[in-house]
Amino acid sequence: MTEKIDIKSLNFDELKALISDMGGRAFRTEQIYKWLHQKAVTSFDEMTNLSKDFREKLNNKCIITCLNPVKILTSKIDGTKKFLFQLKDGNVIESVLMKYHYGNSVCISTQAGCRMGCRFCASTINGLERNLMPSEMLEEVYRIWQLSGEKISHIVLMGSGEPLDNYDNVLRFIDLITDEKGQNIGNRNITLSTCGLVPEMYRLADEQRQITLALSLHAPEDETRKKLMPIANKYSINELLKACRYYFEKTGRRISFEYSLVADINDNLAEAKKLSELLKGMNCHVNLIPVNPVEERSFQRSNQKAVQQFRDFLISRGIQATVRREMGSDIHGACGQLRKSYQETANRNMMDTKEGEI
Ligand code: SAH
């Protein structure tokens with residue numbers, strides 16, 4: 001049997017071609033697209049303005065990709081919700097809903113696992129499982145909207161995975177989520193965070209979209225950066241900043257730099273000074289993130305005083321800097337931690353069962 005078509009990953013024109021191939025009239029495309037992307041239905045049976053016959057035809061040929069929520073945690077501190085979703089193949093991913101004064105933001109994963117190997121990050125500990133499909137990324141947003149009842153206005157691609165390592169699917173996801181015939185989320189309300197894949201940063205700039213590019217810099221010098229991020233062995237900070245300037249030229253969008261503060265590695269004033277020299281004259285913003293300690297890693301977060309001093313120094317040099325407000329710190333805040341703890345419990349249970357069988 002040939003594999004079914006992942007209908008939610010199709011753009012409008014592709015859906016139109018499919019419906020026409022199946023003998024459907026042109027106006028059906030609009031109806032079906034609406035059911036999928038505006039109403040976020042999970043089955044063809046819900047498409048009540050289609051004949052039963054056509055619904056069955058669709059069902060035989062296509063699949064509506066859905067995510068199955070296996071765990072939802074709500075922070076008692078700020079209402080942030082963390083969702084653990086199971087994919088069709090059994091993999092699990094996590095997504096987060098954060099409520100801000102300007103709207104509701106969803107942080108999505110773009111891959112199951114990650115192969116970038118950043119030393120402080122939990123998502124990468126077991127490597128990359130696979131890329132997520134556009135439909136799966138859409139589902140992270142649709143399911144959270146449906147489960148929480150909260151309309152989503154902003155999206156950050158900052159969950160597990162490296163978005164630019166799954167370039168085509170991520171771009172298609174952005175196309176679909178910004179489509180006015182779907183959720184119609186503004187490009188300006190989308191932030192894509194990368195550890196710094198230089199060729200893909202240029203490619204993204206050439207798309208000339210209005211999305212915000214966030215670069216995980218984490219150090220002002222290559223040698224320090226290499227201690228934290230293996231990707232620093234491939235691309236130098238100079239090359240990264242050149243790509244950032246190009247992105248700004250092409251899009252007019254201010255670059256956002258992420259800088260996770262790790263005690264005694266990158267958080268002293270000498271580093272702040274180097275960073276300020278590096279970013280001088282650039283239209284940018286620095287997001288300081290006290291590192292979230294991950295059990296398997298020995299890194300410690302910077303103390304509050306060091307964080308404030310670092311921020312104040314940057315500001316004194318005319319660089320916009322803020323400390324990222326910690327959201328949901330009581331519910332496995334750090335990227336990939338919830339997924340990992342779930343996998344470990346599942347593995348343990350499996351081993352228990354095996355022992356039981358013997
Ligand atoms: N791969 C992309 C996006 C995912 S990570 C990237 O590297 O940008 C989103 C951000 O969280 C990145 O800046 C990443 O470096 C940071 N991050 C990951 N684990 C962290 C931790 N334990 N503490 C603080 N920041 C972390």
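Predicted model: local features only at pLDDT ≥ 70, side-chain atom pairs only at ≥ 80, totals over all residues.

Me: How many disulfides does the count come to?

Reply: A disulfide is a covalent bond between the sulfur atoms of two cysteines. Here the count comes to zero disulfides. Take Cys62: the closest cysteine sulfur, in Cys66, is 13 Å from its own sulfur, and that's too far for a bond, because the cut-off is 2.5 Å.

Me: And is Cys62 buried or exposed?

Reply: Cys62 is buried, with a relative accessible area of 1%. Cys107 is buried as well, at 10%.

Me: On to strands. How many residues of strand E12 are buried?

Reply: Seven of the seven, residues 255–261, so E12 is largely enclosed by the rest of the structure.

Me: Which residues sit on each side of E12?

Reply: In a regular strand the side chains alternate between the two faces of the sheet. For E12, one side has Ile255, Phe257, Tyr259 and Leu261, while Ser256, Glu258 and Ser260 are on the other. Those residues are all buried, leaving both faces covered.

Me: Which strands does E12 pair with, and in what sense?

Reply: Strand E11 (residues 212–216) pairs with E12 in the parallel sense over three bridges, and Ser216 stands opposite Glu258. E12 also runs parallel to strand E13 (residues 284–290), joined by seven bridges. There, Phe257 stands opposite Val286.

Me: What unit do E12 and E13 make with helix H9?

Reply: A right-handed β-α-β unit, where H9 covers residues 269–279.

How values were computed:
Residues numbered from 1 in each chain as written. Heavy atoms only, no water. Buried < 20%, exposed > 50% of the residue type's maximum accessible area, 1.4 Å probe, protein only. Helix = DSSP H or I, 4+ residues; strand = E, 2+ residues; numbered from the N terminus. Pairing = 2+ DSSP bridges. Right-handed = clockwise from strand over helix to strand, strands pointing away.
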